[in-house]
Amino acid sequence: MSEFDLQFTLLLVTSGLMIGMMYALIALGFVLVYKATDAINFAQGEFVMLAGLMAAVSIDTSLPFIVAVLIAIAGMIAFCFGLERVVLRQLLGRPIIAVVMATIGLAALIRGASTLSFGPGVRALPLPVSDDPLFLGPIMLPPVQMVGAGVSLVFLLGFTWFFLKTRMGVAMQAVASNQTVAMGMGINVQRYFALAWALTGIVSALGGVIWGAMLGVDNQLPLVGLKVFPVVILGGLDSVIGAVVGGLIIGVVEALAAGYFDPLVGGGTKDFVPYLLMIIVLMVRPYGLFGKRKIQRI
Amino acid sequence: MLSINNIEVVFDGTILVLKGVTLAAHEGKITALLGANGAGKTTTLKAISGLLAAERGAVTAGSIELDGTRLDRMAPHDIVAGGVAQVFEGRRVFDGLSVEENLLVGAHTRTNLTRIRASMEEVFSYFPILKERRGQAAGYLSGGEQQMLVIGRALMSDPQVILFDEPSLGLAPLIVENIFRIIGRLRDEGKHTILLVEQNAALALAIADHAYVMETGRIALEGPAAELRQNPEIRESYLGLNDAGARRSYRDVKRNRRRQRWLA
């Protein structure tokens with residue numbers, strides 16, 4: 001392997017890791033809801049777009065960037081609270097397919113309504129950082145990606161800490177483990193459902209700003225959310241750590257596919273390789289790398 | 001005193017499961033609730049702890065009171081905060097959480113950390129093995145240890161009343177003996193009011209002060225435990241005892257069964 005090849009690989013891997021971190025952030029939103037409420041949220045990508053739209057529109061009305069981010073966060077928390085209360089609470093205890101269908105419908109609704117209200121054009125969502133890449137030895141690092149990866153990392157660590165170390169986090173794990181028993185321990189389960197959705201709102205808002213900054217905000221942005229599925233299947237639907245590792249793996253695999261296979265076949269492999277990996281993982285480890293295999297004593 | 005006054009419980013809006021159950025659990029006493037499978041014992045406990053709604057059940061008549069406070073209109077978390085803890089059937093620990101975390105979840109309704117620590121030490125004094133295993137995932141404990149953990153977890157809410165649902169189920173005799181000794185200590189030392197649901201009537205009657213026998217959603221019999229231990233029908237149907245050495249023909253048994261059809 002020549003010097004250039006090595007550098008090229010290194011570049012792909014670092015870029016993949018950074019993108020992967022950002023996938024992990026969005027996947028975290030999905031995992032939080034699944035863990036706490038057993039709901040599979042097919043609208044995760046649309047949440048991200050909605051948040052990006054809130055931030056982009058705020059910036060267009062010449063609000064400062066930080067205010068736009070806060071608006072997106074507050075807006076998404078309110079949106080998720082409302083959604084939980086108005087739609088999903090009614091579906092509690094119904095077959096899981098009801099929730100799945102509701103979120104798919106919701107996804108279409110968000111896409112359509114936002115295009116109707118704000119037009120189909122791409123909106124820029126510029127981060128207040130320079131566009132000049134930083135060089136770390138031979139590796140080139142675009143600042144937007146670095147900020148995105150950094151913010152994702154901070155929040156992933158923060159959520160992990162919250163889950164494992166705080167009483168609220170442990171109570172949330174208890175709710176995830178067994179709702180009836182958690183209720184019997186004096187946990188207000190409804191409130192924890194709402195909390196899970198609110199956290200998802202925060203994660204989606206951050207994801208929306210970061211991904212919006214990288215790709216621009218339009219009705220193609222939800223496609224990012226589809227990547228959540230290979231990520232969470234790989235990591236395990238109910239594992240926070242799994243979401244991180246799954247995100248990183250998918251990010252790197254995608255970057256390598258784009259770097260090595262695309263030139264050979266003329267592009268496009270990056271878009272399906274993650275799903276190929278997902279199918280393989282489903283066949284080998286259906287509960288994911290870190291998913292809950294029920295502890296069973298024999 | 002925990003009192004249940006003539007309650008009816010309906011599932012799914014149509015299925016009448018409890019048909020007018022009245023019972024009282026006196027302070028600092030063990031009250032046993034006996035009966036066969038499906039008699040409505042667990043449903044009675046769930047009615048007290050407010051967990052019927054999760055199974056689309058509801059108390060449709062009567063009232064449940066703890067020292068005059070109505071429990072039957074309260075949410076489950078308020079009932080726990082009000083001093084009623086439940087030890088679930090079948091050792092339902094939170095698998096992935098450690099022993100210590102399980103206990104902390106049990107103290108969810110409390111905020112004073114020093115007093116929570118004190119409760120945890122109390123639990124460890126009842127069950128020293130849990131202290132040794134405090135960092136382990138609860139899913140990997142043995143069955144007996146898990147039963148100790150769920151009892152300890154219930155104690156963590158500093159309850160006035162503890163509802164036990166089949167604490168002997170699926171455990172080895174020695175462990176059951178140990179668990180029941182602890183239940184006795186919870187009454188004598190901890191001054192807890194205990195409502196004990198058991199299928200093993202001999203065990204329950206040996207420890208209880210008062211007992212009720214449930215059959216198909218009704219209370220069929222009640223009395224001081226010492227009296228029920230001597231009751232011929234109880235001895236026959238629940239304790240599997242009869243007059244020592246007497247041989248009985250199948251026809252006698254059959255007649256007895258027919259006579260007791262209302263019981264079964």
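## A first look at a two-chain model

In chain B, strand β1 (residues 2-11) and β2(B) run antiparallel and are joined by 8 bridges. Helices (H or I, at least four residues) and strands (E, at least two) are DSSP runs, numbered from the N terminus, and two strands pair if DSSP finds at least two bridges between them. Welcome to a predicted model, in which local features need pLDDT of at least 70, side-chain atom pairs count only at pLDDT 80 or more, and totals for chains, interfaces and linings use all residues. Residues are numbered from 1 along each chain as its sequence is written, while chains are lettered from A and ligands numbered from 1 in the order in which they are written.

### The antiparallel sheet of chain B

Within it, B:Ile4 stands opposite B:Leu23 in β2(B). The two strands belong to an open sheet of 4 strands with antiparallel pairing, in the order β2-β1-β4-β5 (chain B). Which strands stand at the edges of this sheet? They are β2 (15-25) and β5 (69-70) of chain B; each has a single partner strand, so one side of each is left without a neighbour in the sheet.

A helix lies across this sheet. Helix α1 (residues 41-49) of chain B lies across β1, β2 and β4 (57-66) of chain B and runs at about 75° to β2(B). For such angles, axes are lines fitted to C-alpha atoms, for helices over the stretch in contact, and the angles run from 0 to 180 degrees between N-to-C directions.

### A covered strand in chain B

Next comes strand β3 (residues 30-35) of chain B, which is mostly covered, with 6 of its 6 residues buried. A residue is buried if 20 or more other C-beta atoms lie within 10 Å of its own, exposed if 12 or fewer, and partly exposed in between, with C-beta atoms placed from the backbone. B:Ile30, B:Ala32 and B:Leu34 point one way from β3(B), B:Thr31, B:Leu33 and B:Gly35 point the other way, and all are buried.

β3(B) also has parallel partners. Strand β8 (residues 193-198) of chain B runs parallel to β3(B) and is joined to it by 5 bridges; here B:Leu33 stands opposite B:Val197 in β8(B). Strand β9 (residues 210-215) of chain B pairs with β3(B) in the parallel sense, again over 5 bridges, and B:Thr31 stands opposite B:His210 in β9(B).

### The two chains in numbers

Read along the sequence, chain A follows the pattern α-α-α-α-β-β-α-α-α-α-α-α-α-α. Its radius of gyration is 19 Å, close to the 19 Å that the globule rule gives for 298 residues, so chain A is as compact as a globular protein of that length. The radius of gyration is taken over C-alpha atoms, and the globule rule is 2.2 Å times the number of residues to the power 0.38. For chain B, a compact globule of 264 residues would have a radius of gyration near 18 Å, and the 19 Å of chain B agrees with this.

Helix α1 (residues 3-37) of chain A has 35 residues and reaches 50 Å from its first C-alpha to its last, close to the 51 Å expected at 1.5 Å a residue. The expected span is 1.5 Å times one less than the number of residues in the helix. Just after α1(A), A:Asp38 takes a positive phi of about 65°.

A:Ser62, found in the loop between α2 (44-60) and α3 (65-86) of chain A, has a positive phi of about 55° although it is not a glycine. Is A:Ser62 buried or exposed? A:Ser62 counts as exposed because it has 7 C-beta neighbours inside 10 Å.

In chain B, B:Arg91 lies in the loop between β6 (84-87) and α3. B:Arg91 is a residue other than glycine with a positive phi near 50°, and it counts as buried because it has 22 C-beta neighbours inside 10 Å.

### Where the chains meet

The contact takes 16 residues from chain A and 24 residues from chain B; two residues are in contact if their C-beta atoms, placed from the backbone, lie within 7 Å. On the side of chain B that touches chain A, α2 (76-81) and α3 (99-106) of chain B each supply at least two residues.
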